[in-house]
Amino acid sequence: MKLNIATTLEKKLQGLYNQKVIKGDEEGWYRDLSSTTMIGIVATAQVLICLKSGGFDSAKLHKSVSTLASFARDDGSFPFISNVNTTGVVDATAWTCLALTTCRTPLENYESVVKGAIDWLLEAQNVDGGWGIVKNSPSRVVSTTVAVRALVATQSSNTEIANSITKGLKFISTSQLSSGAWGDSAGRECLGATAYSLILLSETNQKQSSSTLNAVNFITSKLDKKQLWDKCSNREDLQIIEDGQHKRLNFIYPLTHLFIRGILACGHLSNLPNSAIEEYLRRVFAENPFAGDLTNGDKETSYGQHDLTMSLLELLKCNYVPAKGLEFPDYNAINKKDYPRIYHVGGELSASTDIIFIHGLTGDAKTTWLNSDTNFYLPREVAKNTNVRSFVVGYSNPASRFAGKGMSLDERTRNLLLLMQNNSMFQRNTILVGHSFGGLLIKKLMLSMRLSGNTDEFNNLKGVIFLATPHFGSGWANFLYLAQGFFTGTQAVKNLFHNNKELMILDQDFSELVSSSSINIKLNSYGENSNLMIVSTKSSNPGISSCKHTPIDASHSEICKPKDSKDLVFTSMCKSINGIINV
């Protein structure tokens with residue numbers, strides 16, 4: 001099944017709901033979502049907001065809402081459970097108000113809890129219009145943005161609340177730095193504060209204000225080479241006094257989610273490079289975490305999941321349609337149980353060329369190309385050294401029927417061609433790399449594409465690289481088939497017989513195809529050279545005048561597993577690929 005924003009969001013929300021902590025009559029979430037004993041106030045509030053915003057039934061959330069309301073202190077405020085737990089905290093109180101007004105689940109004490117929290121927030125506002133993290137502490141941008149959002153969410157016509165909102169917005173407006181960012185308590189640019197301020201502006205009719213435009217320009221100027229914000233500083237440190245004791249607090253912000261959400265919520269999708277959204281969604285679909293998503297112990301966090309889901313909701317609101325190809329799983333998702341499948345294992349989405357690796361008999365999308373001694377994974381490293389998107393194809397191709405039925409060369413060609421076309425391959429310049437049987441598949445694929453009239457797709461084929469491909473078969477296939485017995489060898493093994501008639505015809509047809517004056521596809525071939533030759537020197541050389549053939553000091557299985565970037569087959573491949581790209 002292809003992934004899209006809606007199905008990904010649904011999956012994230014259901015997974016988040018399933019991670020709730022149940023303690024007797026209490027239900028909720030903790031910032032470390034792996035916790036089974038702790039329930040946090042901000043964590044529970046944020047999860048409730050994204051679940052309800054994502055369409056969850058209020059009845060399913062009732063007990064968690066009730067648990068959250070029960071944490072109210074006598075003065076109406078809410079503390080931090082984990083650290084500042086003996087005094088009211090502006091952020092915790094404001095997030096609770098946001099959650100309660102978002103969910104609006106029937107509670108006997110709903111009105112009194114919300115009123116108590118709002119009254120406390122009004123009392124906690126500083127003279128300058130801002131809020132500190134606790135009462136009587138210096139005003140802080142993030143605390144102020146959440147407090148104002150909480151007051152706005154009440155939709156109250158109360159004059160005192162309206163005046164408080166006005167003063168809070170004025171504080172935010174006057175706190176913006178000349179760069180377009182907002183700062184921390186020391187006046188330094190704080191990207192977390194900038195993101196929170198942008199979200200506030202989107203909810204207070206300021207989407208097109210100069211403050212918003214300056215902030216958006218500042219944020220986009222911080223994009224890294226991958227068109228994200230993972231390299232930016234996402235930490236804010238604070239020091240407060242509680243019960244006469246100094247306490248240090250630090251906040252980690254998942255900036256990429258926050259910035260995507262804020263920019264989209266303000267209606268400035270056009271200010272974002274398309275490659276930024278595409279790279280973002282590629283990472284989301286592949287379930288690759290972003291900076292700020294995880295704890296120091298690599299555990300999922302409530303705030304990371306909240307910010308991710310709220311960002312996806314904004315993408316749905318603006319009807320964003322992901323580019324084809326973003327639905328591919330990545331290297332970490334490779335699993336033989338899912339075959340046949342295509343995996344995106346490297347390269348920028350903005351690259352103009354795709355390179356597709358196809359393994360051979362008994363091969364695998366991961367182990368065929370991975371040098372286990374050095375962890376050098378050929379498809380990924382090629383992407384790092386050339387401007388390509390790198391994909392690997394995984395399919396079942398056993399040598400013995402006891403390991404699976406497998407398919408013949410003809411059947412597998414039709415199977416993989418359909419898989420690749422259904423997954424939008426061949427829509428841009430394409431280079432194919434085949435190891436052993438994979439090289440034969442490439443030849444059949446190309447002939448099938450040409451004969452079926454897929455002119456546009458075929459014309460996008462720019463290069464082919466063969467690695468130890470038995471163009472004329474392998475005597476080892478004959479031996480293997482006989483050794484296993486007539487009834488256990490697969491059809492794929494029979495296809496590899498030395499001087500197989502089908503391979504002879506395939507070689508002739510392929511040679512005629514690529515030798516045509518109208519075809520401009522660069523061919524490179526590499527043959528194995530070791531004491532145990534699975535594919536002979538003669539068989540690994542396609543014998544085509546336009547194909548450069550190079551013998552490599554490596555065995556059949558080693559030739560596709562370079563140990564490092566200095567390996568001859570790797571440097572030669574990268575040079576050939578760059579030559580094709582730069583034509």
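Which domains does the domain assignment of the protein give, and what are their bounds?

Modeller: The model is predicted, so local features are reported at pLDDT of at least 70 and side-chain atom pairs at pLDDT 80 or more, while totals for chains, interfaces and linings use all residues. Residues are numbered from 1 along each chain as its sequence is written, and side-chain values use heavy atoms, with hydrogens and water left out.

The assignment gives domain 1 (1-318) and domain 2 (331-582); such bounds come from an automatic or database domain assignment. The centres of the two domains, taken over C-alpha atoms, are separated by 49 Å.

Helices (H or I, at least four residues) and strands (E, at least two) are DSSP runs, numbered from the N terminus.

On the H14 side, the residues in contact (heavy atoms within 4.5 Å) are Leu409, Asp410, Arg412, Thr413, Leu416, Leu417 and Met420. They meet Phe437, Leu440, Leu441, Lys444, Leu445, Ser448 and Met449 of H15. By class, this contact has 9 nonpolar, 2 polar and 3 charged residues; Ala, Val, Leu, Ile, Met, Phe, Trp, Tyr, Cys and Pro count as nonpolar, Asp, Glu, Lys and Arg as charged, and the others, Gly among them, as polar. Ser424, in the loop between H14 and strand S10 (429-435), has a positive phi of about 60° although it is not a glycine.

The axes of H11 (residues 274-285) and H12 come within 13 Å and cross at roughly 130°. That makes H11 oblique to H12, and their crossing is left-handed. Ile277, Tyr280, Leu281 and Val284 of H11 meet Leu308, Ser311, Leu312 and Leu315 of H12, which gives 7 nonpolar, 1 polar and no charged residues. Helix H2 (residues 41-53) and H4 pack at about 30°, with their axes 8 Å apart. H2 and H4 are therefore roughly parallel to each other; the crossing is left-handed.

The loop between H12 and S5 holds Pro340, and the peptide bond from Tyr339 to Pro340 is cis, with omega near 0°. Finally, the structure holds 9 aromatic pairs (rings of Phe, Tyr and Trp, the last by its six-membered ring, with centres within 6.5 Å; planes under 30 degrees apart are stacked, over 60 edge-to-face, the rest tilted). One of them is the edge-to-face pair of Tyr331 and Tyr377, at 4.6 Å centre to centre and 65° between the planes. This pair links distant parts of the chain, 46 residues apart: Tyr331 lies in the loop between helix H12 (302-317) and strand S5 (341-346), and Tyr377 in strand S8 (residues 376-377).

How values were computed: Axes are lines fitted to C-alpha atoms, for helices over the stretch in contact, and angles run from 0 to 180 degrees between N-to-C directions. Angles under 35 degrees count as roughly parallel, over 145 as roughly antiparallel, 65 to 115 as roughly perpendicular and the rest as oblique. A crossing is left-handed if the near helix is turned anticlockwise from the far one by less than a right angle, and right-handed if clockwise.
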